Amino acid sequence: MDNMESSKLEEIAFDGGPPVLRIYKDGRVERLVGTQIDVPPGIDPKTNVESKDAVYSQETAQYLRLYIPKNSTSSSAQKFPLLVYFHGGAFFTWTASSPMYHTYLNSLVAEANVIAVSVDYRRAPEHPIPIAYHDSWDALKWVASHYGGNGHEKWLNRHVDFNKVYLSGDSAGANIAHHMAIRIGKEKLDGINLAGIMLIHPYFWGKEPVGDETKDPDKRAKIERLWRLVSPTTSGADDPWINPFKDQSLASLASLVCSRVLVCVAEKDVFRHRGWYYCERLKKIGWKGEVEMMESKGEDHVFHLLEPTCDSAMAKLKKVAAFMNQGP
């Protein structure tokens, strides 16, 4: 190691270890994953899905990306279900414009024939938890403002069936989708009739293992350490933001107007057991809705984003699309 590299490493206040991120003592953040150049919106040549960006918060200048199916803008009468999507990345990496999310949303919109809104939120550690949740709620309120056809975006005014709104996300985004669904249930956001939520490889954790979850202290400590990085004021792995089973938030789903939940897990994913546990708890608290599970055999965390054309990814895409097309 040369002197320059040695000096650089000595300045590190936190090293998540490749390929995660580094925080330097002067406050600089070096992300080692999710660093691909963001892609612009437009017409996707493979699916003919059209996308554009819109600012949902003038105060923070945060944006979201809207997607609409092929040739939909030419018909003012056609209405589509609405998918509000929250990207993953452990709250610290990737954006709504990252190539793999842009590719995924184009494919999902084409398959499901829905309108989608992909939310970009401020990331930790520069903007620690709970800022991502606050931004996501602001985005939902902006979306809801189009109910009645008086919002800023004509795609939402003209083409969205607000009786069929779905929330989804992967990993940290699935965590956000859960908390947004809970908040909608508590605050009854006017204009949003929540038809269902789809949690893809949800990023939930806890101090004590559930099911056959790993008991390896090093692995568990690494996950908790990363959580503390994005949420420095946290109480730990049982913080309700990351462990919804430790407070009353999950019980709130029992009275939620949402009638359907889909949870997707991957066999090799360290978070797999939390997804199964989520469904078990929903049933135990007496929630009256329909719970569906999908497990992808032989696959790991967010495999469908990394290898979007593999058979398992295509099967999961079709399952999520069918879930929205089936009802309510």
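Guide: Gladly, and let's start with the rings: F91, Y133, Y203, W205, W227, W241 and F271 form one aromatic cluster. The model is predicted: local features need pLDDT of at least 70, side-chain atom pairs count only at pLDDT 80 or more, and totals for chains, interfaces and linings use all residues. Residues are numbered from 1 along each chain as its sequence is written, and side-chain values use heavy atoms, with hydrogens and water left out.

Visitor: How many aromatic pairs does the rule give?

Guide: The count is 15 aromatic pairs. Two rings of Phe, Tyr or Trp (taking the six-membered ring of Trp) pair if their centres lie within 6.5 Å; planes under 30 degrees apart are stacked, over 60 edge-to-face, and the rest tilted.

Visitor: Why is the pair of F91 and Y203 called tilted?

Guide: Their ring centres are 6.0 Å apart and their planes stand at 45 degrees, so the pair is tilted. This pair joins distant parts of the chain, 112 residues apart: F91 sits in the loop between β6 and α2, and Y203 in the loop between β9 (194-200) and α6 (217-230). Helices here are DSSP runs (H or I, at least four residues), as are strands (E, at least two), numbered from the N terminus.

Visitor: And what makes the pair of F204 and F245 edge-to-face?

Guide: The centres of F204 and F245 are 6.1 Å apart with planes at 75 degrees, so the pair is edge-to-face.

Visitor: How do you know whether F91 is buried or exposed?

Guide: Buried means under 20% relative accessible area, exposed over 50%, and partly exposed in between (1.4 Å probe, protein chains only). F91 has a relative accessible area of 1%, so it is buried. F91 also has a phi near 75 degrees, a positive value in a residue other than glycine. That is worth a look because most residues other than glycine have a negative phi.

Visitor: Where does T93 lie, and what does its side chain reach?

Guide: T93 is in the loop between β6 (80-86) and α2 (99-112). Its side chain reaches the backbone oxygen of V33 at 2.6 Å. At 1% relative accessibility, T93 is buried. Contact means heavy atoms within 4.5 Å; leaving out residues up to four places away in sequence, T93 touches R31, V33, G34, H87, G88 and R123.

Visitor: Which residue does UniProt list for "active site"?

Guide: The unreviewed UniProt entry lists S171, though such annotations may be inferred rather than shown by experiment. S171 is found in the loop between β8 (160-170) and α5 (172-187). With a relative accessible area of 7%, S171 is buried. Beyond its neighbours within four places in sequence, S171 is in contact with G88, I200, H201, P202, Y203, H301 and V302.

Visitor: What makes L306 exposed?

Guide: L306 has 56% relative accessibility, so it counts as exposed. L306 is found in helix α8 (residues 303-306) and touches M100 and H301, not counting residues up to four places away in sequence.

Visitor: Which ring does K52 lie over?

Guide: K52 lies over the face of W155, at 4.4 Å from the ring centre. The rule asks for NZ of Lys or CZ of Arg within 6 Å of the ring centre and within 35 degrees of the ring normal. The charged end of R260 likewise sits over the ring of F323, 3.9 Å from its centre.

Visitor: How many disulfides does a search of the whole structure find?

Guide: The search finds 0 disulfides, a disulfide being a pair of cysteine sulfur atoms within 2.5 Å. As for cysteines, C258 counts as buried at 2% relative accessibility, and C310 counts as buried at 18%.

Visitor: What kind of peptide bond joins A124 and P125?

Guide: A cis peptide bond, with omega about 5 degrees. Another cis bond joins I129 and P130, where omega is about 15 degrees. P125 is placed in the loop between β7 (115-119) and α3 (131-144), and P130 is in the loop between β7 and α3.

Conventions
A polar contact is a pair of N or O atoms within 3.5 Å; within protein, one must be able to donate a hydrogen and the other to accept it, and residues adjacent in sequence count only if both atoms are side-chain atoms.
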